[in-house]
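Biologist: Please show me the model, and then let us discuss it in turn.

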Amino acid sequence: MLWKRQIPIMIVSGIGFATLLGWFIDQPTFKSFVDDDATQWFDILAAFAIFLGGLNLFKLQMQKILRKKKGWQYSLFAIGGLIFALLAGFVIKGNPEAAWGSHVTAKGTLFKWMFNYMVAPMQATMFALLAFYVASASYRAFRIRNFEATLLLSSGIIIMIGRVPLGSYISSWFILYLLVLIGGIVVNSFFKNKQYTAIFVGAGIILVSVAGNSMGWPLDEPGIFYLPYLQEWIYRYPNSAGSRSIMIGIGLGIFGTSIRYILGIERSYIGE
Amino acid sequence: MNDRDFMIGSGIFTLIFLGYWFFGAPYFIVERFVMFLAIIVFSGILIFNTRKAQRGEEIFLRTIPGLKAVEEAVGRSTEMGKPVLFVPGISDMDQVETVAGVIVLSHVSKMTARYETPLNVPVCRAIVMKAAREACKESYLVEGRPDMFHEDMVHYVTDEQFAYAAGVNGIMVREKPAACIYMGKFYAESLILAETGNSIGAIQIAGTASQSQIPFFVTACDYTLIGEEFFAASAYLSDKPELVGAVKGQDLIKVIILALTIGGVFMRILFDAGILDLNILNILTVR
Amino acid sequence: MDILGAWIAVFLTLAIFSFLYKDNPFYKIAEHLFVGISAGYWMSFNFWTQIQPNLFGRLWPSEHYSDSSLWYGIYDMLGFVARPIFPAGGIDMGHDLHMIYLFPMVLGIMMLLSIYKPLNWMARWGIAYTVGMAAGLRAYGILNSNVLGQVKNTIIPVIGTDLPFFSLTGDSYFNNLIILVGTVTGLLYFYFSREQTGNFGKVTKVGIYFLMISFGASFGFAVMGRISLLIGRLLDLIKYSGSEFHHASIWVLVAMIVLLGYSAYQERESSS
Amino acid sequence: MMNYLIEMILKLAKVDRRWIFLIIGLVVLIPLMYPLSLPVRAGKDSQQVYDFVESLEPNSKILLSVEYGPSTKPEIHPMVTSLLRHLFGLKRGHKVYVTCLWADGQFMAEEALDEVAVNEYGLTYGEDFVLLGFRPGAEAVVKGIVSDIRKVFTIDAKGTKLAEIPMMEGVNRFEDFDFLFSGSAGYPGTTEWVLFASDPTGVPMSTGTTSIIVNEMMPYVLGGQIQGILAGMPGAAEYEKLIGVKGIGTSGMDAQSAAHFVIVIFIFLGNLGYFIERKRSKKHQGY
């Protein structure tokens, strides 16, 4: 029990207090531990642990092959890939000039080749899949269901259009006309009277046209209807306010949770 | 520990610190005193509320729909005879969010043990694999179902972010889980996972403090725990008084923060008008 | 080698894109290969950038090398087994001798040993160290920047200076007020010890509006970023379709479409 | 006619998402092959970065941190090359020190330096620019650079000892730099530089990030913790416009514009279908 429970809890508290107090203590040995060594130790530990993970992957894929589970043929590729990468990492350098150790970054090695033509393109392609997913997600999710969803949608669209060059060609007057039409829809669904709607839209169009004519139809005035300016306003102010409140909340959450770990109030992450 | 002990303890601590201060505070980085004070005060509030809750004082917390849905999702998987997929994020245990995710996993695995539903936890880091296994094992033991636990329900995929996403995608389209739960620190793979989960028609519940990924989860998942809600999740799910008390403590800190903000704005007005000779911004600037 | 690489890269890229159509053998091959290779890649990479230079490099630096010492005797024995990892005369990574790094080594070895069931508990020490370190380091940083730092940024003038009342994209009282209101109400949304009803509910509703605007803006940005990545990917494919790579992209694309089309046709036949 | 149109919109609203995928793919591909060359307008935040670089004293020491890999190269790489062009093009004797927090960042940095510093300006390695390379450890590296850069980097990326590099003279810690630019695609990245380097020391910094994390960075930009930001590929295009050298950023903007508009049209159609549907179901319920 001592080895399995008490000591781990003591380690959490001890290391936690040390790293927290380290921020306030100006003593070289202590400071260098907190600034440098503490995270370095973790990195070393993680580097050891990854072998554990690799072994687990190997075991599961091997089981699939040996038991001829559904799709076992593909597991051959996983095992093959793993072995190939380990060969490139530990056995075949491919470039005699590169020393062991620097071969993982040096030019002309098998490891670098593997990175350039296998890891990097697959990584980038998986990432690029997001371009499609983000389109289909916005298509499905950006529906004017209620006021909140409408806010989400409007700020999303304004940012999307306002930030690309094509957006800066859209005159603020076009947006004004658009707003008049949308206003018409709102009026119509509110009063359910075609006359009111017609009066509203007609008056709006005349008003905008008169104003536009008198101002000479400048592209970017009035500024609040010019998308590039509007998007800048949205992301500098209301958006900042929103993300700032989330940020403070997350900050408090992380702080509170960390203190809970250090004090040993929460221990279930090691099975308590 | 009761209130008296707490007061005595903090009194002693203050005295010792004053003594240390009196002797010139060797090795102490004085410019960070404000931060030191903040940490001490905030931790004190957390401890105080934890103790209060442990003594059995009633504490009210508002409902969070996403957390109620977790049990429903597990239940639905049981009815459909399909597994539950739990993704604890792609970061290692050195991120507080991952630890919080593993804690939520320990509660989810209690439910799957109770409902006898298969659980699948692919992980991206080996240390997380170890921790998640310990957490699940303990939960199955607590629920009296150690026979149902097997180590490989928590399995390692790879450290590489997008290879992991590809692998989890594969699990989703082939095993078709009825519930996908994402709790932890996420990066760009969030939308790949959530969209694929959506396309197979699973109930999806997400919780994360990764600010840039919250919108994707909000749009593609059925329920999302936003930011701080995610950290409060373990308190809600466990119902342990000491954890509930800590959430209450965090709320009190929030009130202090709000008071500081609004009070600060007033102080700034007075400062700008030349009435007050104290710039609050200088106090809050900690190098 | 480069042309072969280009063909492999093109195949893997298109194989992953084919997932957009549906789960298919090409994707399964790419997925399994990716998982296997990347696991091996990171195992090798972490070994050569962490364990060898930062751990062994600190335990047996070349600076302190002497054949007579017992400690380097162990080193020479290890070097006998694996010369590339332990080069003759100690490891020169510019580190000093740090015996304290035996601790992370012990933690790492314990982590590896935990694969043996009776020693399962050994992993807990490493986990405990990781959590403790993270909690201590994060608690300070996050409280400073995310909480106090953001509070400081929210303390902005709303009256009494020479700022204009309204300016769309510059600082103004109006915009400052937006930030103040948004941050405060947004933060109140995260107040848990009260049900969001009545007046409090109205205030938190405003907070939610700000959160939604912020989510929308994030989403807009995301669309932008993801499309950019697709652009990068397609630029690569266009490059590989050139004659110096023997039109790799075009050939692989055609072959894949034909095969997928054929299998879709067969499926339809067999189902009807 | 009207009914036919409505039916079509309804059909479009329920279209298989794979059609969306195909259209998006084509809309991005076609402008890349046949560019339109739309002009670019520089926003405030890009301008701020530009102005700050312009205002640097002659012979400034600039730390450039590369924190992106091949997957995010299209967004950040053009920013980094443009910044290098700007710095070297000013001919004020600025010295550029490049560090990488991401392993694959080193490949990216090498590419950018080869392209700009070596091929375009013919500068000398070790006197005008130096690639210190990648060191693992995320925030530990940042903190290490703040306290003692020579402890983190004993040798540069080519294996030369720091003492033998002329431009390293007098550079011992982060405070010896005049400006930091972080080209960042996530963790570790700009946030770590703000938290552990720029905030504690007061050395000014700017950043160029992927679009997705711009939002997370905005509070820092508004709070003056970061001097301006290059936001995603449009940010890169804007910077290219400011320094007057067109690159990938500018050429990608056409495809970007087209894709955004198509997505907005999709959203519009989806909403139209949603409205019609809702109206119909209301009618059926006998309102």
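Modeller: A:Lys192 comes directly after H6(A) and has a positive phi, near 55°. Helices here are DSSP runs of H or I with at least four residues, numbered from the N terminus. This is a predicted model, in which local features need pLDDT of at least 70, side-chain atom pairs count only at pLDDT 80 or more, and totals for chains, interfaces and linings use all residues. Residues are numbered from 1 along each chain as its sequence is written, and chains are lettered from A and ligands numbered from 1 in the order in which they are written.

Biologist: What span does helix H6 of chain A reach from its first C-alpha to its last?

Modeller: Helix H6(A) covers residues 172-191, 20 residues in total. At 1.5 Å times one less than the number of residues, the expected span is 28 Å, and the helix comes close to this by reaching 28 Å.

Biologist: Is H4(A) parallel or oblique to H7(C)?

Modeller: The two helices pack with axes 8 Å apart, at an angle of about 135°; axes are lines fitted to C-alpha atoms over the stretch in contact, and angles run from 0 to 180 degrees between N-to-C directions. Angles under 35 degrees count as roughly parallel, over 145 as roughly antiparallel, 65 to 115 as roughly perpendicular and the rest as oblique. H4(A) is therefore, relative to H7(C), oblique.

Biologist: Which helix supplies the largest share of the side of chain A that touches chain C?

Modeller: The contact, counted where C-beta atoms placed from the backbone lie within 7 Å, takes 111 residues from chain A and 100 residues from chain C. The largest share of the chain A side, 21 residues, belongs to H9(A).

How values were computed:
Contact = placed C-beta atoms within 7 Å.
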